[in-house]
Amino acid sequence: MSATDRDMLKLPKKKFKMWNWVWVILMVLGLVLSVNNTQTSLPEFFANFDQFAEIFVQMAQPDWSYAGTAIPYLVETIKMAIISTVIGSLLAFVYSLLIARNIVHNRAITGVLRFIMNIIRTIPDLLLGSIFVAVVGIGPVAGILALTVFTFGVVVKLCYEVIETIDPGPSEAIKAVGGNGMNNIMFAVMPQILPYFISYALYAFEINVRASTILGYIGAGGIGLQLKNTLDMFNYNQTGMIILVVFLVVLVIDFVSTKAREALMR
């Protein structure tokens with residue numbers, strides 16, 4: 001027996017408590033009830049699998065001539081993601097400074113602002129898209145507004161948690177020499193959190209490119225609207241072309257964004 005195996009045997013073993021069995025039983029019971037209430041039927045899915053296979057075969061033969069139509073809508077989708085990411089991230093940065101308790105020491109203010117933030121974060125992007133489509137009408141403006149709010153909710157949560165974990169030394173030094181709150185933010189807080197903030201903004205951009213495709217499906221602009229039209233018209237070869245183009249663009253964006261975030265965090 002190796003030394004590693006002997007060390008593993010020496011590790012303290014936790015007893016499997018009765019409450020763990022209770023949770024297992026509750027989870028299994030919840031699964032059974034969910035299957036019954038939603039009338040989920042795997043046999044029915046496999047019984048109609050030939051229809052899925054037929055649609056998949058048509059999508060696997062993309063209409064290459066449709067690329068000229070799809071690409072402009074894809075460019076619109078990327079523009080929507082860029083605009084919403086920039087606006088939402090900047091708003092999130094300012095808001096995160098207001099709810100970080102090592103920046104604003106009034107717990108009543110930070111408590112109220114965090115409650116508002118939590119409400120915004122609970123609203124899904126599809127619901128946001130539906131609301132803004134109803135308010136401003138079908139088009140990219142609705143998608144930009146929805147993604148801006150969605151980006152705000154994602155970035156503000158990550159950003160304020162980083163602000164609260166920064167090294168307090170530079171802030172104390174600035175206060176010791178008579179610096180004000182703005183000096184503290186500019187010269188003590190921002191140098192420590194800026195790489196993280198840019199990393200989170202890039203992460204939000206990745207999400208927004210995917211989300212904008214789905215939002216377009218409900219009328220919020222972008223290539224998602226064309227995706228819906230091709231599906232409604234049963235033009236699955238055109239749908240395959242759209243999926244292929246979106247897949248390639250998302251793959252490139254994810255690769256570039258990941259490399260950029262890795263460089264920032266070194």
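Asparagine 184 touches Ile103, Ser171, Ile174 and Val189, leaving out residues up to four places away in sequence; touching, or contact, means heavy atoms within 4.5 Å. This is a predicted model, in which local features need pLDDT of at least 70 and side-chain atom pairs count only at pLDDT 80 or more, while totals for chains, interfaces and linings use all residues. Residues are numbered from 1 along each chain as its sequence is written, and side-chain values use heavy atoms, with hydrogens and water left out.

Let's find asparagine 184 in the fold. It sits in helix α10 (residues 181-217); helices here are DSSP runs (H or I, at least four residues), numbered from the N terminus. Asparagine 184 counts as buried because its relative accessibility is 7%, and buried means under 20% relative accessible area (1.4 Å probe, protein chains only).

The side chains of serine 171 and asparagine 184 make a polar contact at 2.7 Å. Such a contact is a pair of N or O atoms within 3.5 Å; within protein, one must be able to donate a hydrogen and the other to accept it, and residues adjacent in sequence count only if both atoms are side-chain atoms.

Next, follow α10 along the chain. The C-alpha atoms of asparagine 184 and phenylalanine 205, 21 residues apart, are separated by 29 Å. Helix α10 also meets helix α7 (residues 125-136): their axes, lines fitted to C-alpha atoms over the stretch in contact, come within 10 Å and cross at roughly 50°. The contact is made by Asp125, Leu126 and Gly129 of α7 and Ala211, Ile214 and Leu215 of α10.

Conventions: Helices (H or I, at least four residues) and strands (E, at least two) are DSSP runs, numbered from the N terminus. Buried means under 20% relative accessible area, exposed over 50%, partly exposed in between (1.4 Å probe, protein chains only). Axes are lines fitted to C-alpha atoms, for helices over the stretch in contact, and angles run from 0 to 180 degrees between N-to-C directions.
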